[in-house]
Amino acid sequence: MDAPPDALDRLRLARTEGVGTQTFRRLMLRFGSARAALATLPDVSRGKLRPPPPALAERETAALGRLGGRFLFLGLPGYPPLLEELHDAPPVLALLGDPAALAPRAVALVGARNASAAGRRIAEGLAEELAGAGLAIVSGLARGIDAAAHLGALRRGRTIAAVAGGLDQPYPPDHAGLQARIAAEGGAVLAEAPLGTAPLARHFPKRNRIVASLALGVVVIEAAPRSGSLITARMALEAGRELFAVPGSPIDPRARGSNDLIRQGAHLTESAADVLEHLPESPRPAPLFAPRLIAEAAAEPAPEPAEPKGEAGQVLELLGTAPIAVDEVVRRCHLSPSAVQAILLDLELAGRVETLPGNRVALTGQA
């Protein structure tokens, strides 16, 4: 798979500090190309956003090539189609391994890092059976359930690992061999973060959304309350994925979260047949249930005075600390959808507005 002709431009735009996933999409829609967006970015952001020099993108591309990797770009061939549907899909992914591993239907297996021996055996067995049925197995390369899922899948098929740091920063370090094996044996390892990025705690929720979105369903095995696995489960529900959970002992704290998911509607899973029976052909448009256990409260940013005048001021006056749907903004201000989108983009680039899941917007609280 050859790199697209505008690969360096796309990489520079994606690596621009302050350009997030949704801002990248808006810029590409408004300006039509990464090169055009780069040329106008400093002006439209009033100097707040400055792309990195081409040499940095060239060095990152060369370094990834030395690892045997390549980039996948949002909206171009090779990018995982299910992930592309995500509202905050990564503009660029670094890949080690075979991009064909991203094409089959997939199931994610997630769970406790300090998993019991029984939990690891269940994960290995489920992954092996599901891989044998032609499904790719997705997980996060962590200790415990993740590692067991990858190892089980490798026995009979392909597995995909999404990592929190750069591809040159395997985590945990003792899984460097497993990461290399996944890439070498027909699987794929994906990273949203640039090379050299350490896998810090704040990066793992972003990794979790990739795990959830690459799959048609997520199987939770041994998850304590408020664990990272339940974050993945919540993200799976938000993306319309099917949710499965393996029951555990009621006296084992590692099973409380997964057991509660079953009480709230997740498919009770004891074998691969339980997954295959309920796995859809495509994601649902909306979740069937929203477990209270993994509900996420929205934080309200502080309000900011509206300075722009005219149409921009009209839009800004409709925004506040509580998120509002963009469609509602269009309805209230009586401007065309394209005009509202352009105004919101300018406000976002100026640091005044942030875009939230569900095509909603809110004030950032920044001056």
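In this predicted model, proline 172 lies in the loop between β5 (159–163) and α8 (176–184), where helices (H or I, at least four residues) and strands (E, at least two) are DSSP runs numbered from the N terminus. A cis peptide bond, with omega at about -5°, joins tyrosine 171 to proline 172. In the loop between β4 (136–139) and α7 (145–156) is found leucine 141, a residue other than glycine whose phi has a positive value, near 65°. Most residues other than glycine have a negative phi, and most peptide bonds are trans. The model is a prediction in which local features need pLDDT of at least 70 and side-chain atom pairs count only at pLDDT 80 or more, while totals for chains, interfaces and linings use all residues. Residues are numbered from 1 along each chain as its sequence is written, and side-chain values use heavy atoms, with hydrogens and water left out.

On a 1 Å grid over the protein atoms alone, a cavity is a set of points where a 1.4 Å probe fits but cannot get out, a pocket is an open set with protein on both sides within 12 Å along at least five of seven lines, and lining residues have an atom within 4 Å of a point. The structure holds one cavity of 30 Å³ or more, and about 60 Å³ of space lies in the largest cavity, a volume being the space filled by probe spheres set on the points, with grid points joined across faces, edges and corners. The lining of this cavity divides into nine nonpolar, three polar and one charged residues; Ala, Val, Leu, Ile, Met, Phe, Trp, Tyr, Cys and Pro count as nonpolar, Asp, Glu, Lys and Arg as charged, and the others, Gly among them, as polar.

The second largest pocket holds about 310 Å³ of space, and its lining includes Gln22, Arg25, His87, Ser338 and Asn359. The elements that give two or more residues to this lining are α2 (21–31) and α15 (337–349), with α2 giving the most, five residues. Three nonpolar, six polar and three charged residues make up the lining of this pocket.

Helix packing was described for α7 with α8, where the angle is about 35° and the axes are 11 Å apart; axes are lines fitted to C-alpha atoms, for helices over the stretch in contact, and angles run from 0 to 180 degrees between N-to-C directions. α7 passes α8 in a left-handed crossing, a crossing being left-handed if the near helix is turned anticlockwise from the far one by less than a right angle, and right-handed if clockwise. Ala147, His150, Leu151 and Leu154 of α7 meet Leu178, Arg181 and Ile182 of α8, contact meaning heavy atoms within 4.5 Å.

Helix α9 (residues 204–214) packs against α10 (residues 228–238) at an angle of about 50°, with axes 8 Å apart. That makes α9 oblique to α10, since angles under 35 degrees count as roughly parallel, over 145 as roughly antiparallel, 65 to 115 as roughly perpendicular and the rest as oblique. The crossing of α9 and α10 is right-handed, and the residues of their contact comprise six nonpolar, three polar and one charged.
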